Amino acid sequence: MQEEQQPETAADLMSSSDAQEDDQKETSDESPNISDADAFKILLEMKMKKRQKKPNLPSTVTELVTEEGSKVFVVGTAHFSDSSKRDVVKTIQEVQPDVVVVELCQYRVSMLKMDEKTLLKEAKEINLEKLQQAIKQNGVMSGLMQMLLLKVSAHITEQLGMAPGGEFREAFKEAGKVPFCKFHLGDRPIPVTFKRAIAALSFWQKVKLAWGLCFLSDPISKDDVEKCKQKDLLEQMMAEMIGEFPDLHRTIVSERDIYLTYMLKQAAKRIELPGASETEPRKCIPSVVVGVVGMGHVPGIEKNWNTDLNIHEIMSVPPPSTSSKVVRFVIKATVFGLLGYGCYRVGQRTFQFVLSMPTTQNCLQRLTEIRPRH
């Protein structure tokens, strides 16, 4: 867990301090005696000059404003789209944000550092080791559901020959080029989402959903992906399969809309500028934020933008129901029963095999010929 959280910190440092350090070196060459406050002001002025007052933004961008006057530009993307990557790059270059927020959590942050070939390989290889890891991390039912959803992603990856998350990797790279730009992970932790989703379903609903995911084989083209810039591809496919499961849609989509909105608002806090001296009060200015999310989340973010949000409820994991406990007991009993029966059958066949060997037959024959002496 601790190792998985390190990239988030590295992202913040890389996207802010590295750019700041490089620009500060250039400034220090020109003015060796410049103060930190003056250097900050010069870099900020350079950033503001690059920031377009009337940015030329793609049609997939939605502009939102906070009560404090901060601006949030939400880029709606399709997760397997080349044009979505270009939309993200263009938006960040035009608005020169103070913060970039992406629809990722610490459990999926590794995709920011992986290259396309590695990601393609990872997406296509769903093996027993990954299944065991998912079950260990999320529990039996949630782990199995996570692997089934990975199968959906792998199906799309195989059809398109394109790894997921390209828009997030582009956002990570571009944020590192903007002075004083921080990089935030804005999605709810995936174990919480899966556990809440599983808890919302009955046993038979879980079976039916798993069956639909297991036998997903519809062909997908790049044109289909581009059409889904009006609604995220994975969420559209999920909506078709879980239309009769409103509770599942609530946990996977609606609750995450709330969480993403909350994180975008948190990122859009006003920025405190350093004063010219220690006695001078510091000035606060509105910030500029770019959010990169699946297109399916954009309507929900707009809907929740002007409401007071409390994420404590959607972060709690409900205790397992009685039916879940019974199912878990039955699964364990079945597994141990099959193992026990297997050991019995193997032992029985081994014993019969040993008895049928010529050497064993000879030994038994000699033993029967030996009579006790009186």
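Visitor: Which residue in S4 is the bridge partner of valine 100?

Guide: Phenylalanine 183 is the bridge partner of valine 100. The model is a predicted one, in which local features need pLDDT of at least 70 and side-chain atom pairs count only at pLDDT 80 or more, while totals for chains, interfaces and linings use all residues. Residues are numbered from 1 along each chain as its sequence is written, and side-chain values use heavy atoms, with hydrogens and water left out.

Visitor: What makes S3 and S4 a pair, and in which sense do they run?

Guide: Two strands pair if DSSP finds at least two bridges between them. S3 (residues 99–102) and S4 have 4 bridges and pair in the parallel sense. Strands themselves are DSSP runs of E with at least two residues, helices are runs of H or I with at least four, and both are numbered from the N terminus. The protein chain has 16 helices and 7 strands.

Visitor: Which residues of S4 are on its covered face, and which on its uncovered one?

Guide: Phe183 and Leu185 make up the covered face of S4 (residues 182–185). Lys182 and His184 make up the uncovered one.

Visitor: Why does cysteine 181 count as buried?

Guide: Buried means under 20% relative accessible area, exposed means over 50%, and partly exposed lies in between (1.4 Å probe, protein chains only). Cysteine 181 has 0% relative accessibility, so it counts as buried. Cysteine 105 is also at 0% and is therefore buried.

Visitor: How many disulfides does a search of the whole structure find?

Guide: The search finds 0. A disulfide is a covalent bond between the sulfur atoms of two cysteines. To be counted here, a pair of cysteine sulfur atoms must lie within 2.5 Å.

Visitor: Why is glutamine 96 called buried?

Guide: The relative accessibility of glutamine 96 is 7%, so this residue counts as buried. Glutamine 96 is in the loop between helix H3 (82–95) and S3, and just after H3 it takes a positive phi of about 45°.

Visitor: With which residues is glutamine 96 in contact, leaving aside its neighbours within four places in sequence?

Guide: Contact means heavy atoms within 4.5 Å. By that rule glutamine 96 touches Lys47, Lys50, Arg51, Val178 and Pro179.

Visitor: What makes H3 mostly covered?

Guide: In H3, 10 of the 14 residues are buried. Among them are Val88, Val89, Ile92 and Val95, together with Asp87 and Glu94.

Visitor: What makes aspartate 82 and lysine 85 a salt bridge?

Guide: A salt bridge needs a side-chain nitrogen of Lys or Arg within 4 Å of a carboxyl oxygen of Asp or Glu. The closest N and O atoms of aspartate 82 and lysine 85 are 3.4 Å apart, which meets the cut-off. Because the two residues are 3 residues apart in helix H3, about one helical turn separates them. An α-helix has 3.6 residues a turn, so residues three or four places apart point the same way. Aspartate 82 is partly exposed at 33%, whereas lysine 85 is buried at 17%.

Visitor: Why is lysine 177 called exposed?

Guide: Lysine 177 has a relative accessible area of 58%, which means exposed. Its salt bridge goes to glutamate 174, with the closest N and O atoms 3.1 Å apart. Glutamate 174 is at 7% and is therefore buried.

Visitor: Why is phenylalanine 194 called buried?

Guide: Phenylalanine 194 has a relative accessible area of 8%, so it is buried. This residue lies in helix H8 (residues 190–199). The C-alpha atoms of phenylalanine 194 and threonine 251 are 8.3 Å apart, although 57 residues separate the two along the chain.

Visitor: What share of the 374 residues in the protein chain do buried residues make up?

Guide: Buried residues make up 42% of them.
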